[in-house]
Amino acid sequence: MTILSSSLSRIKPSPTIAVTQKARELKASGVDVIALGAGEPDFDTPDNVKEAAIEAIKKGDTKYTAVDGTQNLKDAIINKFNNENGLKYSREEISVGAGGKQVIFNAILASINPGDEVLIPAPYWVSYPDIVLLAGGIPKIVICEEEDEFKITAEKLKKNLSEKTKWIILNSPSNPTGSCYSKEELDIIALTLKDYPNVMIMSDDIYEHVVYDNFKFYTIAQNKSIFNRTLTINGVSKSYAMTGWRIGYAGGPADLIKAMAKIQSQSTTNPSSISQAAAVEALNGDQSFIKVRAKAFKDRRDFVVESLNAIPGINCLNPQGAFYVFPSCKKCIGKKHKELGVIKDDTDFVTKLLEKTGVAVVQGSAFGLEGFFRISYATSMENLEKAVKRISDFCSDLS
Ligand code: PLP
């Protein structure tokens with residue numbers, strides 16, 4: 001007898017959380033681990049945001065709130081979308097959940113019927129396919145090549161769209177590649193989608209504020225032709241270093257937003273009242289630190305990309321956003337490590353790297369593209385210098 005549901009057999013635990021957990025365990029057992037697996041800024045939540053949370057507790061903002069967000073937070077989100085993205089929403093078109101992940105989960109669960117397909121460009125954020133599978137849908141993975149900067153092209157999009165397509169999920173800047181879609185690229189995608197009026201677009205903009213090299217962030221809902229069928233996802237986790245507070249949000253069509261609230265009302269009820277108060281301050285308060293932090297991330301990216309490209313066997317694109325790089329380890333596969341034997345594939349590469357050097361990274365196949373690995377550089381420069389040296393030593397032991 002099994003007590004577990006059959007839907008559970010369709011999904012796997014998040015591989016990035018698994019690597020982080022493994023790194024934690026190794027560290028606890030005394031191994032000198034450098035964890036580059038987690039997708040979490042190493043900066044602290046700003047003080048004004050913490051103060052707002054303390055104030056909320058003192059004021060007694062400690063009760064249930066409206067299911068999909070307090071009016072104050074919805075208004076702050078409406079202003080954010082309007083001021084930063086030129087997107088106009090009313091309160092009925094805004095949903096707040098316990099992290100972007102819950103908002104995405106609600107949207108997929110609220111809209112997928114058995115057999116519906118969701119187009120997911122790969123490499124993808126690890127949770128998209130599993131959320132679709134849990135909802136009974138079919139993730140249609142579209143492999144995007146390194147020479148296209150891991151981005152979906154209009155031709156590939158056309159080839160994979162069908163009567164069954166319910167959603168396409170876009171994520172720019174991307175986790176795991178750091179690639180960003182320009183306005184021109186997104187306008188071409190929007191134009192292609194004009195011929196498929198029933199396809200919904202999910203734009204996951206959670207890394208919006210982590211961009212470099214004067215990259216001008218653009219989100220696809222800014223293209224008026226598809227605004228009405230786009231759900232724009234964002235949150236405070238990455239931009240405001242608030243991963244533990246669990247606040248994410250979306251703007252989109254009122255009927256979908258209402259359905260998402262129905263699901264949330266029967267699951268978590270509402271996101272934490274205190275975190276919502278903190279998120280209001282994050283969105284309305286001082287924003288100047290965002291640029292300062294993005295500059296720190298840029299310096300790390302510059303260092304990591306340059307150092308990785310100097311290692312024989314490793315090639316790394318120079319992405320314009322997020323805090324990840326997605327280098328190729330294809331040239332190391334099939335080679336023999338002098339102590340650990342042949343590197344069979346990317347999973348073997350990262351496993352042996354962890355075993356030999358204590359550097360924890362995530363294999364590309366976890367994100368739907370083999371032959372690569374993801375490094376999160378949301379850690380100190382000192383850690384990055386050590387990590388890159390260890391990767392370099394590991395690769396020089398391959399022949
Ligand atoms: N989307 C992407 C691409 C992510 O990388 C993450 C977190 O790693 C999320 C959404 C969800 O973030 P949260 O649930 O913390 O808002």
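Student: Which residues does Val 33 touch, not counting residues up to four places away in sequence?

Tutor: Contact means heavy atoms within 4.5 Å. On that basis Val 33 touches Ala 23, Leu 26, Lys 27 and Gly 358. This is a predicted model, where local features need pLDDT of at least 70, side-chain atom pairs count only at pLDDT 80 or more, and totals for chains, interfaces and linings use all residues. Residues are numbered from 1 along each chain as its sequence is written, and side-chain values use heavy atoms, with hydrogens and water left out.

Student: Where does Val 33 lie?

Tutor: Helices (H or I, at least four residues) and strands (E, at least two) are DSSP runs, numbered from the N terminus. Val 33 sits in the loop between helix 1 (15-28) and strand 1 (34-35).

Student: Is Val 33 buried or exposed?

Tutor: Buried means under 20% relative accessible area, exposed over 50%, and partly exposed in between (1.4 Å probe, protein chains only). Val 33 has 6% relative accessibility, so it counts as buried.

Student: How many residues apart in sequence are Val 33 and Asn 383?

Tutor: They are 350 residues apart in sequence, yet 9.9 Å apart in space, C-alpha to C-alpha. For the protein chain, take contacts between residues at least 6 apart in sequence: 73% join residues at least 24 apart.

Student: What is the radius of gyration of the protein chain?

Tutor: The radius is taken over C-alpha atoms, and the globule rule is 2.2 Å times the number of residues to the power 0.38. For 399 residues, a compact globule would have a value near 21 Å; the protein chain has 21 Å, which agrees. Its C-alpha atoms fill a box of roughly 60 × 55 × 50 Å along the principal axes. Buried residues make up 55% of the 399. The chain holds 12 helices and 14 strands.

Student: Which helix elements do the buried residues of helix 9 pack against, and which strand?

Tutor: Start with the span. The expected value is 1.5 Å times one less than the number of residues. Helix 9 (residues 273-284) has 12 residues and reaches 17 Å from its first C-alpha to its last, close to the 16 Å expected. Of its 12 residues, 9 are buried, so helix 9 is largely enclosed by the rest of the structure. Among them are Gln 276, Val 280 and Leu 283. The buried residues of helix 9 pack against helix 2 (47-59), helix 3 (71-85) and strand 8 (248-251).

Student: What should I look for in the backbone?

Tutor: Most residues other than glycine have a negative phi, and most peptide bonds are trans. Now the cases here. A cis peptide bond joins Ala 122 and Pro 123, with omega about 5°. Pro 123 lies in the loop between strand 3 (117-122) and helix 5 (127-134). Another cis peptide bond joins Ser 172 and Pro 173, with omega about -10°. Pro 173 is in the loop between strand 5 (165-171) and helix 7 (183-193).

Student: What is phi of Asn 214, and what is phi of Arg 246?

Tutor: For Asn 214, phi is near 60°, a positive value in a residue other than glycine. Asn 214 is in the loop between strand 6 (200-204) and strand 7 (230-235). At 80% relative accessibility, Asn 214 counts as exposed. For Arg 246, phi is near 60°, again positive in a residue other than glycine. Arg 246 is in the loop between strand 7 and strand 8. Its relative accessible area is 32%, so Arg 246 is partly exposed.
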